[in-house]
Amino acid sequence: MQKFVGKVRISEILIWIFLIILTAFVVIPILFMVVASFMDAKQILAMPFSWIPSKKYFTSADRTFFTNFVKAIRGNNNQGTFPRNVLNSLIVALSCAATTVILASLCGYGLAKFKFRGRNFVFISIMATMMIPFEAIMIPLYMVTQGFHMINTYWGLIVPFMVSAFGVFQMRQYLLTFPSEYLDAARVDGLGEFRIFWRIVFPNCTPVIATLGILSFRNQWDNLLWPLLVAQSETMKTIPQYITKFAEEKLTDEGAMMAVAFLASIPMFILFFSLSRYFLGGAAVYESRKG
Amino acid sequence: MALMLKSKDKTVSTKTKEKAVSNERIKPKRYSIERKEARWGFVFTIPCLVFFAIFAFYPIIYAFITSLTDRRAISRTWSFSGLENYIYIFTKDNGGFPLSNSIRATLVFTLGTFIPMIIISLIVAVFLMQLRKNRQRAFFQFVYYTPAVLSSVVAATIWMILFDPRGLVNQFSNFVLGTSGVDYNWLVNSTMLQISTMLVYFWKYIGYFVILFITGLAAIPPTIYEAATVDGASRWKSFWRITLPLLKPTTVMVSIMAMLQCLKTFSTQYMFHQGGAARRPIDVITMNIYFTGIRNGRLGRACAMSIVLFCIMLILSYLQLAFTRSAEEVEY
Amino acid sequence: MKKFLVILMALSLMVTSVFANGNKEDKPITIEFWTHEDANRQLLEDRYIKEFQDMHPNVKINVTRQAATSMIELVQTAFAAGSGPTVFNLSINDEYPLIAAGRVAPVDYAAIGYKDAAELEAAYMDGMLAPVTYEGDIYGLPLELTNWAIFINKKVFRDAGLDPEKDYPKTWEEMADISEKIAIRDGDILIRRGFDFRYPYYLEAFVPMVEQLGGALFSEDGTEAIVGEDAWVKFLTFMQEWGPNGRNLGSPTYTNARSLFNKDNNDIAMANTGLYQEARIKNDNIDFYNSGEWMVVPFPVFEDAVNDVAACYYGHYYMVNADADAATQEMAWEFIQYMLSHGEEYLETVQIIQPTKALMESDTYKNMPYSDVFTQDFARAHIVYHAENSTEVNALIRAAVEAVMLQNVEPKKAYQDLKKAVQELIDEG
């Protein structure tokens, strides 16, 4: 390597420049959201844009830097359903993450480690569901949900997303390479099949479970169309609904919009910062598999 | 997705999958166990099967049957109309928003998003692997991934403000191009509008794809590079001769997954349209299905479009399988 | 044996239902009530609901409030799935198809204290119930009927050297010229606009402009769509001139005018909106409301207009699901009537108009600032186009206007595309 020093320097500088430009592209909109949530709408669309929230743009006397947040939390009707809607989103997303992990690992294990007639057919049909555009099945799905009397309940928000084909696929692919010798050894020791699953297979899937759990948490946190139909009362609504509903009334209050967007992102940011290892999943999984 | 890719590489590098399969095949001693195995395999898969039967197979079959009817959302009765809906969507205008335009919009979006995305994320991944410290690499990975944790609603809201004629993007464009006060019509001009949706998508998912490629790169044994360095190959050469061919399976997988995701895109276009942007330039298939079925209540026709999209995606996935199979033949 | 059991069960079900119907006050009734979100209305309605529930202890009312734009999607989906709310309101063009499809029930005249349809009709202003009258029965009661006039910020006018009382626009040509004078730009970018249109509402606010020029949405026999090439092309040319590719006076991608108007931030001088805007100004910006620096003028016409047409009025009508059982339907109408019996309070606090004769002739209405402007425009207007395909027609006009304004398509070409598409819509029925 040493002999390339001269060349490496130039190329390295270029690499750094490239990476930093991309960083700016990625970070600026997020930073914008954060600073804009403290600003008056007047400042957000002022030309040229200044990044420091300033009082001189305030258009009314009783305005403070936190007015946007107060508006965001109060909502359109001053009923303060914001915390409840955040809680709903958390409940739904966490439940879906948990059920996805359990059901997908069960199914993935069954598909990867057992031979039975029709296994490929089962696998392919589950994979095919990945191709279904959600918009196509919204109405039949609504009818099913209604048939189970789950409209406007947590069940209705959770059950249709309990597991995803993609989750099954991930678990199966992961478990294909799980050494069968361990399983055989456990069988020889007289362990039941469920115990083998719980004691040996499941604990050994931790990295992929974490990645999958986070993925499904994120998808549900992001889900807008389905809750729009199913969560009808104010106390059942989720955060994306809150934002779109808020946007309808506060369309022109860009500051309040950014505040609500920022507040709604905080739980995801916390999760991301604390579990980034699993978010950045692939690599982490790879490392632990090697070990 | 990350994982799938990863196991795929695993499969490629060690052929474990092949081994696993053949191992199972050459186990004649297990006749008694086979039936038991079958039973347990069934037990483990049944909860998911029941789930998919109710929440995926039934709805899609229902959608298929509906696509053969003239059903409208609020009518109490409907009748079978055979392939009329399919003929209609391919020959008529669907009230000014024809399927042909939607297929165009979807393809433009898909190609315009996933090709730059694949190329740039590959370059970024290679660059990141060149960094001397792991911590630097981790930092950039972390930063690039951040937009992906924002919800699409939030992302669209931010970008709508950024794309305002008075917004930051326009100010920046003026700055870069040395103009002043020009409105680049980010949400207005139909080409710019399409570029805007691509930009948002690119912004949101670039980090995700970078990580997928890094995973792929990490799977290439360092010994290969060492050998190449000994042979005196330059970095540039070793990139073209070693890295790229070895990354082929990863690239194929990533690009096809990206393509499928792009084909299903909905929320950015929907939010932009709600915010005042024109529909035709960005009327992707999913959005057309949504407006035709959910908003205009033409269920039969919307279901026919869904089935068409379903088929397009199935064909592409078949291609994916075909591709990856040929990709698996790559040997280290 | 099995058959016997089934018959027995069916019989017992019938018996219980007969008894249940016989005693309506005691049978618990649940009313699913869906309405669009409006912070000001909500305060009133929550109170009415509580009062009504107190009066009828056996009635439970579940309220669902959704954003106005997604309401139709929800209601339609619920109906498609065979359920649907008991009581709901939508804008008339979304509601009309439900009447035609038999999904909603006619008014229970007795439950709301009227003898028959004629007597109920007489209580409302002329023609106000016509949109919900179908085969001799009335299917809805108006929560609000609204028309739009032009709100003006006098300060902005003066700032641009204009006298609002004298110079306010009477024609669309003047509207464009005045907007030109008021507009402040940084290069192409509009910092201050004069007037800007009410964009997604093409049937309400744009079709009348075409009608002024002698054009129409449909021919009288309903077989031809987008009638009057000259009128439509002239209208589309006007819109093109308005947009960024013409005189650059405004565009649908800017912040919508009517919410910006309330802020009084020197961003916009005029907006096209309804009487309810007064309540919103009061709510958003009480200082501006009290300053008297705003006024309302009639909807303009083109210089060479052949018809004097103002912006269409449109309405939200309360309706009752036809699938609800008889007792629930009766109670639902009683509930609607109870809420609508507070017309004056609605007018005073939310400034929405329930067009009963009593209300329109009341002092409350007459003393409302500029209510006379709205009354006069009512007389020049007709109800918005409402039919099974009205949402699609609106989307098509939107596409045509956006094509000329934003994508710089030739007005003639946009007209032809529009005509072809709408024609196709009505031809398929």
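**Loops, helices and interfaces in a predicted model**

Biologist: C:Q351 lies in the loop between α16 (343–350) and α17 (357–360) of chain C. Is C:Q351 buried or exposed?

Modeller: This is a predicted model. C:Q351 has 23 other C-beta atoms within 10 Å. A residue with 20 or more such atoms counts as buried. C:Q351 is therefore buried.

Biologist: What is the phi of C:Q351?

Modeller: C:Q351 is a residue other than glycine, and its phi is positive. The value is near 55 degrees.

Biologist: Is A:H149 buried or exposed?

Modeller: A:H149 is in the loop between α6 (134–147) and α7 (154–158) of chain A, and it has a positive phi of about 55 degrees although it is not a glycine. It has 10 other C-beta atoms within 10 Å, and 12 or fewer is the limit for an exposed residue. A:H149 is therefore exposed.

Biologist: How do the axes of α11 and α21 of chain C lie, oblique or parallel?

Modeller: The axes of α11 (residues 229–242) and α21 of chain C come within 9 Å and cross at roughly 125 degrees. Angles of 65 to 115 degrees count as roughly perpendicular and those over 145 as roughly antiparallel. The angle of roughly 125 degrees therefore makes α11(C), relative to α21(C), oblique.

Biologist: Which residues of α21(C) make the contact with α11(C)?

Modeller: The crossing of the two helices α11(C) and α21(C) is right-handed. From α11(C), the contact takes C:E229, C:W232, C:V233, C:L236, C:T237 and C:Q240. The residues of this contact divide into 6 nonpolar, 2 polar and 2 charged. On the side of α21(C), the residues are C:P411, C:K412, C:A414 and C:Y415.

Biologist: Which residue stands opposite C:I31 in β2(C)?

Modeller: Strand β1 (residues 29–36) of chain C is mostly covered, with 7 of its 8 residues buried. It pairs with β2 (residues 59–66) of chain C in the parallel sense over 8 bridges. Opposite C:I31 stands C:I61.

Biologist: Which element gives the largest share of the side of chain C that touches chain B?

Modeller: In this contact, 31 residues of chain C meet 29 residues of chain B. Elements giving two or more residues to the chain C side include α3 (68–80), α4 (92–100) and α21 (411–428). The largest share, 6 residues, comes from α20(C).

Biologist: Which helix gives the most to the side of chain B that touches chain A?

Modeller: The contact takes 84 residues from chain B and 81 residues from chain A. The chain B side divides into 56 nonpolar, 19 polar and 9 charged residues. With 21 residues, the helix that gives the most is α3 (residues 31–67) of chain B.

Definitions and conventions:
Residues are numbered from 1 along each chain as its sequence is written. Chains are lettered from A and ligands numbered from 1 in the order in which they are written. This is a predicted model: local features need pLDDT of at least 70, side-chain atom pairs count only at pLDDT 80 or more; totals for chains, interfaces and linings use all residues. Two residues are in contact if their C-beta atoms, placed from the backbone, lie within 7 Å. Helices (H or I, at least four residues) and strands (E, at least two) are DSSP runs, numbered from the N terminus. Axes are lines fitted to C-alpha atoms, for helices over the stretch in contact, and angles run from 0 to 180 degrees between N-to-C directions. Angles under 35 degrees count as roughly parallel, over 145 as roughly antiparallel, 65 to 115 as roughly perpendicular and the rest as oblique. A crossing is left-handed if the near helix is turned anticlockwise from the far one by less than a right angle, and right-handed if clockwise. Ala, Val, Leu, Ile, Met, Phe, Trp, Tyr, Cys and Pro count as nonpolar, Asp, Glu, Lys and Arg as charged, and the others, Gly among them, as polar. Two strands pair if DSSP finds at least two bridges between them.
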